Amino acid sequence: MKKTRLNQVHREAGARLIEFAGWEMPVEYRGLIEEHLAVRTKAGLFDVSHMGEIIVEGPEALVLVQYLTPNDAGKLLPGQIQYSALTTPQGTFVDDLLVYCLSVPDKYLLVVNAANTDKDFAWIKEKGAGFKARVTNESDRYSQLALQGPLAQEILQPLTEIDLSQMKAFNYAYGQVAGIDSLVSRTGYTGEDGFEIYTVSETPEVIWKAIVDRGEPLGLQPVGLGARDTLRLEAKLMLYGNDISDKTTVLEADLKWIVKFQKGDFLGKAALEQQLAEGLKRKLVGFEVIDKGIARPHYPVYISGQKVTEVCSGSYGPYVKKAIGLVYLPSEATAIGTEFEIGIRDKMAKARVVPTPFYKREKK
Amino acid sequence: MYPENFYYSQDHEWLKVEGEEAVLGITDFAQKQLGDIIYVDLPAVGKTVEAHQTLATVESVKSVSDVYSPVAGEVIEVNQQLIQTPELINRDPHGQGWILKLRLKDKSELNSLMKAADYEKFLEGLEH
């Protein structure tokens with residue numbers, strides 16, 4: 001099992017550690033609900049060093065990224081980031097990812113899911129074989145911390161010379177954090193404002209401890225993977241393996257906004273164009289469980305007594321205080337308010353299609 | 001930590017025996033493993049179970065866990081407070097967070113359960 005450079009810090013903080021995607025990671029510290037609410041109301045600090053970092057570099061780096069992903073990376077300037085995907089020729093997901101533009105057109109950082117890093121790296125190497133671009137898997141060098149929540153900027157600003165007030169969402173800057181060279185981006189996976197801090201330093205715990213020291217008096221808590229999952233679900237952010245996979249297309253996942261058909265050819269373009277022309281047979285929607293009980297991944301979903309599919313993500317949402325989830329329903333059953341049933345153990349529980357995200361933060 | 005006068009099962013239920021009846025709950029270890037409990041599926045009063053059958057279901061944010069009956073018996077009361085405040089199990093697992101009361105079918109079945117000291121040893125074994 002791999003350990004992040006912050007493993008000892010988590011142990012000292014009393015975290016409960018579990019294996020996730022081959023890594024020993026903190027699942028919770030003081031308690032999932034408390035951590036979840038801290039992020040929504042104050043701030044939370046996450047170790048997400050398990051995430052993968054793949055660098056594409058060379059004269060055709062942009063050309064390769066454009067070929068591999070449906071969003072238009074050609075629009076990115078250095079300092080900018082976009083959400084995108086690695087798509088198969090069928091328009092389904094190899095992974096979802098963030099594309100960081102380091103230099104136009106020759107250097108891009110792809111931040112990918114921990115569980116997919118090796119697969120993604122192999123995919124990019126294979127598909128990129130004919131391009132003048134070098135692909136390197138830098139994942140083990142990077143530590144990544146996420147500071148999320150309404151107080152994130154207030155907590156981080158005194159620790160860095162980067163002017164955070166000038167950093168817009170999906171932008172990044174280089175600078176020191178607590179004296180450690182870092183890349184700081186205004187991104188996250190919680191539905192809150194916040195930052196992700198990348199460093200190749202061997203001592204990322206210096207950053208962790210500085211943020212905790214400064215943040216704890218303001219209500220910051222360390223947050224584990226448990227609350228990370230419920231936070232991202234309330235914000236309807238995708239989890240690979242649950243909500244998106246190589247069996248679901250980008251359009252079915254309701255992510256048409258990351259597909260830029262005008263930008264030129266990319267893997268899956270023809271399949272997605274065809275699917276768009278023919279109309280979607282199913283679509284990912286959000287639901288609430290009306291009856292008692294919590295729907296969880298793989299629970300059976302019924303329409304008019306017929307099993308049609310299974311729940312993708314499903315959990316209790318600690319901030320919205322409801323049992324919520326995501327499921328692919330036949331297009332004719334995706335209208336807001338449509339009711340269906342979920343088999344929760346030996347009972348049939350009523351559920352209803354609702355607008356998403358389940359939680360949206362108020363903009364200042 | 002673990003009350004001396006309770007009986008404990010390997011599935012982390014406890015029983016507090018009062019005559020022919022027993023109060024049942026889950027142990028502090030179990031509630032910590034589950035995390036924040038948000039829903040308890042209680043059985044109907046009058047339900048009879050054999051040893052090792054499912055009595056109730058406890059759900060935390062991230063997981064679902066069946067509560068097994070360590071012994072045979074009949075459910076004679078359930079903790080109605082858990083419907084509104086399931087977190088009582090986290091706050092006070094050996095007290096206010098009790099789940100239900102059973103009328104015991106055969107008190108000799110209690111001999112198969114652990115006393116507090118044995119249960120604590122059992123837990124130490126799990127942690128290594």
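In which sense do strand E5 and strand E8 of chain B pair, and over how many bridges? E5(B) and E8(B), the latter spanning residues 73–78, pair in the antiparallel sense over two bridges, where strands (E, at least two residues) and helices (H or I, at least four) are DSSP runs numbered from the N terminus, and two strands pair if DSSP finds at least two bridges between them. Within this pair, B:Val49 stands opposite B:Gly73 in E8(B).

This is a predicted model, in which local features need pLDDT of at least 70 and side-chain atom pairs count only at pLDDT 80 or more, while totals for chains, interfaces and linings use all residues. Residues are numbered from 1 along each chain as its sequence is written, and chains are lettered from A and ligands numbered from 1 in the order in which they are written.

The open sheet of chain B has six strands in the order E1-E2-E3-E9-E8-E5, with antiparallel pairing. Strand E1 (7–8) and strand E5 (48–49) of chain B stand at the edges with a single partner strand each, so one side of each is left without a neighbour in the sheet.

Chain A is assigned two domains, domain 1 (2–51 + 141–234) and domain 2 (52–137), with bounds from an automatic or database domain assignment; their C-alpha centres lie 24 Å apart.
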